[in-house]
Amino acid sequence: MSDGVLLDTSFLISLASPDREQHSVALQFFKFFATEGVPMFLSTIAASEFHQRQAVTDLPLDAIIVLPFNLTDAMCAAELDFTLFKGTPGVARDALKDDFKLLGQAKANDIGFVITEDARSLYKFCEELRLKHALSTKAIKLDDKFDKSHFDPAGQHDFEAGLDIMREDSK
């Protein structure tokens, strides 16, 4: 399986902002990645987006691998062809292009996961591309709460996540 997780801008914002709804979930994932040795990658694209509102140096950069966007990443992003997703309701063209740059970078670097709070675009695009076998990276969205089963080869849920799934199934 591919290694590591690419941290999306929305994940970073939730991680750095205690007042955000998904802050505790982002913090749980971050601590899990750090303690379990899951490599965390920060694209210079996400760093630029984050830095528009808050200093990127406020992030725990000593625990994160900064990943410059290079020519191979650019070629992979172009091959994913963001134009097929133009006109997605509620997604600005600039955001669409940046999402595809991140996904291209994940593909070029064989990164196993991307974590995001953005269910309307990045998560959706990643999963659609994965279903079409254009990308092997799997998306994790913070709205689904913390669950380490993404990183368990057998897909074993932790006890609390298992209880949540049983509750959902009984509805």
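1. The end of α6. In this predicted model, helix α6 is followed by His133. The phi of His133 is positive, near 60°. Most residues other than glycine have a negative phi, and most peptide bonds are trans.

2. Asp110 is not a glycine, yet its phi is positive, about 50°. Asp110 sits in the loop between α5 and β4. Its relative accessible area is 44%, so Asp110 is partly exposed. Lys145 is not a glycine either, and its phi is positive at about 70°. Find Lys145 in the loop between β5 (138–141) and α7 (159–169). With 41% relative accessibility, Lys145 also counts as partly exposed, because that class runs between 20% and 50%.

3. The buried side of α6. Which residues of α6 are buried? They are Leu122, Tyr123, Phe125, Cys126, Glu127 and Leu129.

4. Side chains of opposite charge can pair when their charged atoms come close. Glu127 pairs with Arg130 in a salt bridge, 2.7 Å from N to O. Both residues lie in α6, three residues apart, which is about one turn of the helix. An α-helix has 3.6 residues a turn, so residues three or four places apart point the same way.

5. Lys101 has a relative accessible area of 30%, so Lys101 is partly exposed.

6. How many salt bridges does the structure hold? There are three. One of them joins Arg20 to Glu117, whose closest N and O atoms are 2.7 Å apart. Arg20 is in the loop between α1 and α2 (23–36), and Glu117 is in the loop between β4 (111–116) and α6 (122–131), so the pair ties together parts that are 97 residues apart in sequence. Arg20 is partly exposed, with a relative accessible area of 30%. Glu117 is partly exposed as well, at 21%.

7. The neighbours of Glu117. Leaving out residues up to four places away in sequence, Glu117 touches Ser10, Phe11, Ser14, Arg20, Gln22 and Leu142. Take Gln22 as one of these. Glu117 and Gln22 are 95 residues apart in sequence, but their C-alpha atoms are 7.8 Å apart in space.

8. α1 against α2. Two packed helices are described by the angle between their axes and the distance between the axes. The axes of α1 and α2 come within 7 Å and cross at roughly 105°. That angle makes α1 roughly perpendicular to α2. On the α1 side, the contact is made by Phe11, Ser14 and Leu15. On the α2 side, the contact is made by His23, Ala26, Leu27, Phe29 and Phe30. These contact residues divide into six nonpolar, two polar and no charged.

9. α1 against α3. Helix α1 (residues 9–16) has a contact with helix α3 (residues 44–51) too. Their axes come within 9 Å and cross at roughly 50°. The two helices are therefore oblique to each other. Their crossing is right-handed. Thr9, Leu12, Ile13 and Ala16 of α1 meet Ala46, Glu49 and Phe50 of α3. The contact residues here comprise five nonpolar, one polar and one charged.

10. The whole chain. The protein chain has seven helices and five strands. Along the sequence, their pattern is β-α-α-β-α-β-α-α-β-α-β-α. The chain has 171 residues, and buried residues make up 44% of them.

Terms used:
Residues numbered from 1 in each chain as written. Predicted model: local features only at pLDDT ≥ 70, side-chain atom pairs only at ≥ 80, totals over all residues. Heavy atoms only, no water. Axes fitted to C-alpha atoms, helices over the stretch in contact; angles between N-to-C directions. Helix = DSSP H or I, 4+ residues; strand = E, 2+ residues; numbered from the N terminus. Parallel < 35°, antiparallel > 145°, perpendicular 65-115°, else oblique. Left-handed = near helix turned anticlockwise from the far one by under 90°. Contact = heavy atoms within 4.5 Å. Nonpolar A, V, L, I, M, F, W, Y, C, P; charged D, E, K, R; others polar. Salt bridge = Lys/Arg side-chain N within 4 Å of Asp/Glu carboxyl O. Buried < 20%, exposed > 50% of the residue type's maximum accessible area, 1.4 Å probe, protein only.
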